[in-house]
Amino acid sequence: MENYGSESSKGKKRRREEESAAESSDFDQILSLEKSLTFSDTMVALRIMRAQFPQIDKVSIQPFILQSQLYSSVKDRTRVDRDLESLKREKVLRIFKLNTGQDDHAIMFSEDYSSQIERVKKRSQEKKLGNLEVFEWFKTHVIDFKLEPSIEHHELWTLLSLGGKVKDEHISLLINAGLLTRQLIDPNMYWFTIPNIGSILKGISQGRKEVLSLLNRRRYKEMMLASLEKKHLRLSSLDMRFHLRDLIGSGHLKIVQTPTGLVVQVSKD
Amino acid sequence: MWREIGDREAGKIRPNAFANRFKRNRIESLQLSNHKDIVSAHRGSINSLQVDLTEGRYLLSGASDASVAAYDVQRPTEYEGNGIIGKHKCLFVVDRTHESGHQYAVSSAVWYPIDTGLFVTGSYDYHINVWDTNTTQVVTNFKMPGKVYKTAMSSLATSHMLIAAGTEDVQVRLCDIASGALAHTLSGHRDGVMTVEWSSSSEWVLVTGGCDGAIRFWDIRRAGCFLVLDQSQSQLGRRPPILDRSATNKVSSSKSSSPSPNLPVKARAAQRKLSNGSSMKQSPIAKIPAKGPLRQRLHPGMLSAQDRATAHYGAVTGLKVTEDGMHLLSAGSDSRLRLWDVESGRNTLVNFETVRLQTSKPMQLATSQNSALVFVPCMTTVKAFDMWSGRTDLTFRGHYECVNCCYFSFQDQELYTGGNDRQILVWSPSRLVYDEMDEGPHQDQDNWSD
């Protein structure tokens, strides 16, 4: 998988180029900065993918990265998991569990998430709903403290009470704004969610099906990467590169090096 | 190889290192066996395989057509193909027509750990039967309230003879062969229990995995479980260095108190208490944050029933404790395989490249002797992962349908797998040419004969 870095300019496995770019910028600034700019490979991959997040007109949402996309661009998965865990503990980013599949997680940088909460708060203000102080309480007490993707009801209540007197309407406001959802299995637990993400989740699951059916319909269930990248997806508002990274990372597709370039195949297992 | 034997003789290689290197080479060359074939006597998918622990000679298999059979894997019953392929037919088979046989699928068949005179089978007809091998008669039988998913007996036990049974019911039951009655039950799971395993380091510790996604560790001498694994509690590395663990606890509590310096002292103390309460070890003094109307006085051992931490996002379908008892592997219906450090109870975050795992049935995992490789049935293949890095080392493709169970025999370095296609396949190290000299009846010839 190391050879893929030299592939097309729009290519996906640009890990080697990313690394060399980071190293050169590192070297330039090594005299002025001592600690920040320590890019592990995972961090470089996260920043590049955040920059590549497709622009969607209809929905205002901050960029997020799927965990399977990270697996496809950094070689060692265990290292990705451990790096994510340490970045999560340092509160650089936050991990959310999505309901699109068995094990889908979305990674969002903390500053993006805060701006998303601000946007939701402004929207609720415009709608002239009451109890808006709960957003502040949520931001200062709950988000900073609870790093896991889910939270129990009484713990949420206790943490919000550190800001003021909590009523049931406060929690309903958070749920309506899209920051929390109830778990289906256990009515006492909530998942943290990214607000306004519904249409994108639908796009993710339908886009996956579309890419897989596109390849499955072909006789040998494979296609050249260069021509696959140029295709447009009908059902998803996200671009092909996003879906390809996600499907390769989750193992549904695999990349094979051939004399004419990279070929994407549906994996048989 | 001869050079290595010479080195061992001279003292250059230690005997253990020599044996391990040799075994490792054999494991790396595992492939579908071309000299051993097990003739499956079953007409349903194979749910459970186990080779006996005393001699490593007899393979016991349980299948969905309510049949249980045993095979001798070291001596073939007949030879075929010019004496090269050994066919192993079953020594006996017990099925529905047997007077006290099971009526529905057999989900688990295990040998009595002390000798092969007894074996225990659990089935979807709610019964656990203990059979005498030589007469193939049922000696004792236990009725359970639900379908039996797994039965297990501890191989280390010297003072008890308990069969741990995981069923559709939320309670794990311990059945005693000596008295023929139910010893006690362990409650704490909130849904059926799909897998049970005894610890390989203590005869009193039982690990169970439930359909609610929780993995609990029980000391059977006490009430309640002493550890519930939580997938969000993780450590970076195989074992945490001693300072690191206390440092992360301090870091989390200091971070919780730093963002709000204006809070009254009481609230800060409440925050710190919460950060302590979220760690997995339960202390006997109730440290539950005040829950309001739900406050009830519970036995300290039963506090763990309130702990709703999950180890997987779906049901736990397979568990395996490593041989040294320090790590635990768990497979879940969220298609992930996780490696846990038993002593600290944390997820080591090793990512195994599993794409899809079977979700509706319990599955059997296997490890190689030094715990370097894990064999996992992934749909129609069996994959061997490196335990510490999660890379796929070997893939075994041979079954036509989903593989349910696999068993690795340490003595011969052979892997036995059984699946929905009713076959038991043997994967053995490839035989080198000079080995063919000593198998089967061969004509007495030397190199000079015509």
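In what follows, Ala, Val, Leu, Ile, Met, Phe, Trp, Tyr, Cys and Pro count as nonpolar, Asp, Glu, Lys and Arg as charged, and the others, Gly among them, as polar. The model is predicted, and local features need pLDDT of at least 70. Residues are numbered from 1 along each chain, and chains are lettered from A in the order in which they are written.

**Exercise 1.** Describe the lining of the second largest pocket by class and by element.

*Solution.*
Step 1. A pocket is an open set of points on a 1 Å grid where a 1.4 Å probe fits, with protein on both sides within 12 Å along at least five of seven lines; lining residues have an atom within 4 Å of a point.
Step 2. The lining holds 49 residues, and among those nearest the centre are A:R77 and B:V355.
Step 3. By class, twelve are nonpolar, 19 polar and 18 charged.
Step 4. Helices (H or I, at least four residues) and strands (E, at least two) are DSSP runs, numbered from the N terminus. Elements that each supply at least two lining residues include α9 (198–216) of chain A and β28 (392–397) of chain B. The most come from α3(A), with four residues.

**Exercise 2.** Which residues of helix α8 (residues 168–177) of chain A are buried, and why do they lie on the same side?

*Solution.*
Step 1. Buried (under 20% relative accessible area, 1.4 Å probe, protein chains only; exposed is over 50%) are A:H170, A:I171, A:L173, A:L174 and A:A177.
Step 2. They share one side because they cover an arc (of directions from the helix axis to the C-beta atoms) of only 155°.
Step 3. On the other side, A:D168 and A:N176 are exposed.

Key. This is a predicted model: local features need pLDDT of at least 70, side-chain atom pairs count only at pLDDT 80 or more; totals for chains, interfaces and linings use all residues. Side-chain values use heavy atoms; hydrogens and water are left out.
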